[in-house]
Amino acid sequence: NGQEDTTMIKNLSGVYETVEYENQRFVMLYDNDEVEQYPTHWHNAVEIIIPLHNGFTVTSGGIDYHLSEKEIIIIPPGELHSMPAQDGRRIIFQCDNSVISDVPSIESILPVFSSAVHITPTLNKELYVLARKNILDIYTEYYAKAPMTDVRIYMYLLTMLTAVREFQLTKSEENAAANAVSADESRKFGLVTKYINQNYMYD
């Protein structure tokens, strides 16, 4: 792939990976085409994966996620995950969690990291297009190494995570509304059942 990066896990102690960011940056990105098994491990970094060629399977939090090309998974910091050896090419992006968790003004996006998020066109087309664009923009910026590169990467990352959190909040509101409707329907159904029980012997 023309990049010097090879093995993703360079420092593994038991199941804990120490992520080494290069040149004091807060991010690490791998343009990865290794056919290599990544054993169960965890780290304090946020990890985002997007397969560019061939699908990619990731087990995170005990759940298997099967990613088609250009689908995205966000793996929370601290979550056990693994990947079997797979042929193909994928971007693997890691970000120091402290640049998000230590900033009070953006702590409202932290619930994104309650579990892995698999972003697909089926989940939500608008969210998928935005997330795919932002992770590919991060890829471009990472290798540009321009003066404002890390600022732009941070901006793209926050844009993606903010969109994910807003989507989650919208879904929660929709579910709450649906539950309210269901509760009202249950009440009405109960009244109908009660009426039938009291009056079934009459015409």
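## Briefing on a predicted protein model

S108 sits in the loop between helix 1 (98–101) and strand 11 (117–119). The model described here is predicted, and its protein chain contains three helices and 11 strands. Read from the N terminus on, the elements follow the order β-β-β-β-β-β-β-β-β-β-α-β-α-α. Of the 203 residues in the protein chain, 40% are buried.

- S108 counts as exposed, because its relative accessible area is 52% and the cut-off for exposed is over 50%.
- Although S108 and R165 are 57 residues apart in sequence, their C-alpha atoms are 8.3 Å apart in space.

- Because K133 and D137 are four residues apart in helix 2, about one helical turn separates them.
- Within this pair, K133 counts as exposed at 51% relative accessibility, while D137 is buried with a relative accessible area of 19%; the cut-off for buried is under 20%.
- R152 lies in helix 3 and E141 in helix 2, so the pair ties together parts that are 11 residues apart in sequence.
- R152 is partly exposed, with a relative accessible area of 39%, whereas E141 counts as buried at 15% relative accessibility.

**The largest pocket**

- The largest pocket has a volume of about 160 Å³, and the residues that line this pocket are N124, E126, L127, L130, A163, E166, F167, T170, K171 and E174.
- Both helix 2 (125–144) and helix 3 (149–199) supply at least two residues each to the lining of the largest pocket, and it is helix 3 that gives the most, with six residues.
- When the lining residues of the largest pocket are sorted by class, four are nonpolar, two are polar and four are charged.

- V192, Y195 and I196 together make a nonpolar surface patch of about 320 Å².
- V192, one of the residues in this patch, is found in helix 3 and is partly exposed, with a relative accessible area of 46%.
- A residue can join a patch only with over 30% relative accessible area, so V192, at 46%, passes that cut-off.

**Two loop residues with positive phi**

- N54 has a phi near 75 degrees, which is a positive value in a residue other than glycine. This residue, N54, is found in the loop between strand 5 (45–53) and strand 6 (56–60), and N54 is partly exposed, with a relative accessible area of 26%.
- K70 likewise has a positive phi, near 70 degrees, and is a residue other than glycine. The place of K70 is in the loop between strand 7 (63–67) and strand 8 (72–75), and K70 is partly exposed, with a relative accessible area of 31%.

Definitions and conventions
Residues numbered from 1 in each chain as written. Predicted model: local features only at pLDDT ≥ 70, side-chain atom pairs only at ≥ 80, totals over all residues. Heavy atoms only, no water. 1 Å grid on protein atoms, 1.4 Å probe; cavity = no way out; pocket = protein on both sides within 12 Å on 5 of 7 lines; lining within 4 Å. Points joined across faces, edges and corners; volume = space filled by probe spheres on them. Nonpolar A, V, L, I, M, F, W, Y, C, P; charged D, E, K, R; others polar. Patch = residues over 30% accessible without salt bridge, like charges linked within 9 Å, V, L, I, M, F, W, Y side chains within 5 Å. Areas by Shrake-Rupley, 256 points an atom, 1.4 Å probe, with all protein chains shown as cover. Salt bridge = Lys/Arg side-chain N within 4 Å of Asp/Glu carboxyl O. Buried < 20%, exposed > 50% of the residue type's maximum accessible area, 1.4 Å probe, protein only.
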